[in-house]
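Hello,

Here is the structure for you to keep open while you read. My notes on it follow.

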Amino acid sequence: MPIKIPDNLPAAETLLEENMFVMFEGRAKSQDIRPLDILIVNIMPTKVTTETQLLRLLSNSPLQVNVTFLQMDSHSSKNISQEYLDRFYKHFDDVKDRNWDGMIITGAPVETLEFEDVDYWDELCEIMDWSTTHVFSTLYICWGAFAGLYHHYGVRKHRLGRKLSGIYPHISKYPGEQLLRGCDDIINIPHSRFTALDEADVLSNPHLQVLAYGEDTGSSIIISDHGNRVFITGHTEYDADTLANEYERDTLAGMNPDIPVNYFPKDDPEKPPRVNWRSSAYLIFGNWLNYYVYQNTPYDLNEIGRE
């Protein structure tokens, strides 16, 4: 089944070239079925790239998915025009009076700031609080995961001495857990961040369960006790060249970055990286959609939050 996206969204061209099954709004309106409604709070500066990465993973499913992108009213984007945002993104006021099967909150390059110092923090907190009664399951990615864990559970973060960058192996602590169904015992996940979770805060919280742990990355896949919140501290959605582009950007900026771990063959930036995380990324996103959203969300979205 396809993923439904707005007509003329730039990411569609790439997805169609990759033979992904997408459906434009005009065609989907003629079908009398109940698709899943997914809201994506995209706070990454690379809007089009992130849209493509997430839609690619969401489209690998037998389910039809309606996707709506949400922009932050309290933040002015420097990397994309307001015209683009107004065309393809909604405001919170546009979506807050309805319920959603699922929501994704992306990462953002603000991790070295205290949460309260981020200009859109109050707005994001409002959205996260609203999701408790209006969204069946929310997937938090990288900084979004840090933000969600801090806001909902008081999990603190701390600054690392060097940037954590590369492809890191993680032990699947509960291989039978539905989110990791089909994944290998060792799960490779890209990471790109300057901060880490306070592991004591995670492990001592009775409402959180660590599904995947890395020796260098810590708790990297965490779910809430009811599965209505899923946290991934890395970037399973990254393209093959994303870390390479970040490394080149940081090098040109004079930041003297470390070569991403387990990424370039023989640690040679001149050699193209080999992807070893794509299959688990598809599985995790597909499992989230199927087991945490589709299998449990009510047919009538108005039932969400009533309990």
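The largest cavity has a volume of about 50 Å³, in a model that is predicted. A cavity here is a set of points on a 1 Å grid over the protein atoms alone where a 1.4 Å probe fits but cannot get out, and a pocket is an open set with protein on both sides within 12 Å along at least five of seven lines. Lining residues have an atom within 4 Å of a point. Grid points are joined across faces, edges and corners, and a volume is the space filled by probe spheres set on the points. Rolling a probe the size of a water molecule over the atoms shows where empty space is left.

The structure holds one cavity of 30 Å³ or more. Its lining is made of Ser131, Thr132, Val135, Phe136, Thr138, Tyr140, Asn228 and Arg229. Helix H6 (121–134) and strand S7 (135–141) are the elements that give two or more residues to this lining. S7 supplies the largest share, four residues. Helices (H or I, at least four residues) and strands (E, at least two) are DSSP runs, numbered from the N terminus. By type, the lining of the largest cavity has three nonpolar residues, four polar and one charged. Here Ala, Val, Leu, Ile, Met, Phe, Trp, Tyr, Cys and Pro count as nonpolar, Asp, Glu, Lys and Arg as charged, and the others, Gly among them, as polar.

Two notes on how to read the model. Residues are numbered from 1 along each chain as its sequence is written, and side-chain values use heavy atoms, with hydrogens and water left out. As the model is a predicted one, local features need pLDDT of at least 70 and side-chain atom pairs count only at pLDDT 80 or more, while totals for chains, interfaces and linings use all residues.

Next, the largest pocket. Helix H3 (47–58), strand S9 (186–197) and helix H9 (242–252) each give two or more residues to the lining. H9 gives the largest share, five residues. The lining of the largest pocket divides into 10 nonpolar, 10 polar and nine charged residues.

Two of these helices deserve a look of their own. In H3, 10 of the 12 residues are buried (under 20% relative accessible area; exposed is over 50%, partly exposed in between, with a 1.4 Å probe and protein chains only). Among them are Lys47, Glu51 and Arg56. At 1.5 Å a residue, H3 should span 16 Å, and its end C-alpha atoms are 16 Å apart, which agrees. The expected span is 1.5 Å times one less than the number of residues. In H9, the buried residues are Thr242, Leu243, Ala244, Glu246, Tyr247 and Asp250. Their cover includes H3, strand S8 (157–172) and S9. Just after H9, glycine 254 takes a positive phi of about 75°.

Which residues does threonine 233 touch? Contact means heavy atoms within 4.5 Å. Not counting residues up to four places away in sequence, threonine 233 touches Cys142, Ala145, Phe146, His191, Arg193, Leu197, Ser219 and Ser220. Threonine 233 sits in the loop between strand S12 (229–232) and H9. Its relative accessible area is 1%, so it counts as buried.

The loop between H9 and helix H10 (278–294) holds asparagine 262, and lysine 266 lies in the loop between H9 and H10 too. Most residues other than glycine have a negative phi. Asparagine 262, however, has a positive phi of about 55°, and phi of lysine 266 is near 55°. Asparagine 262 is partly exposed, at 47% relative accessibility, whereas lysine 266 is exposed, at 76%.

Finally, the whole protein. It has 10 helices and 12 strands. Of its 307 residues, 55% are buried. A compact globule with 307 residues would have a radius of gyration near 19 Å, and the protein has 19 Å, which agrees. That radius is taken over C-alpha atoms, and the globule rule is 2.2 Å times the number of residues to the power 0.38. Among contacts with a separation of 6 or more, 72% are between residues 24 or more positions apart.

Regards
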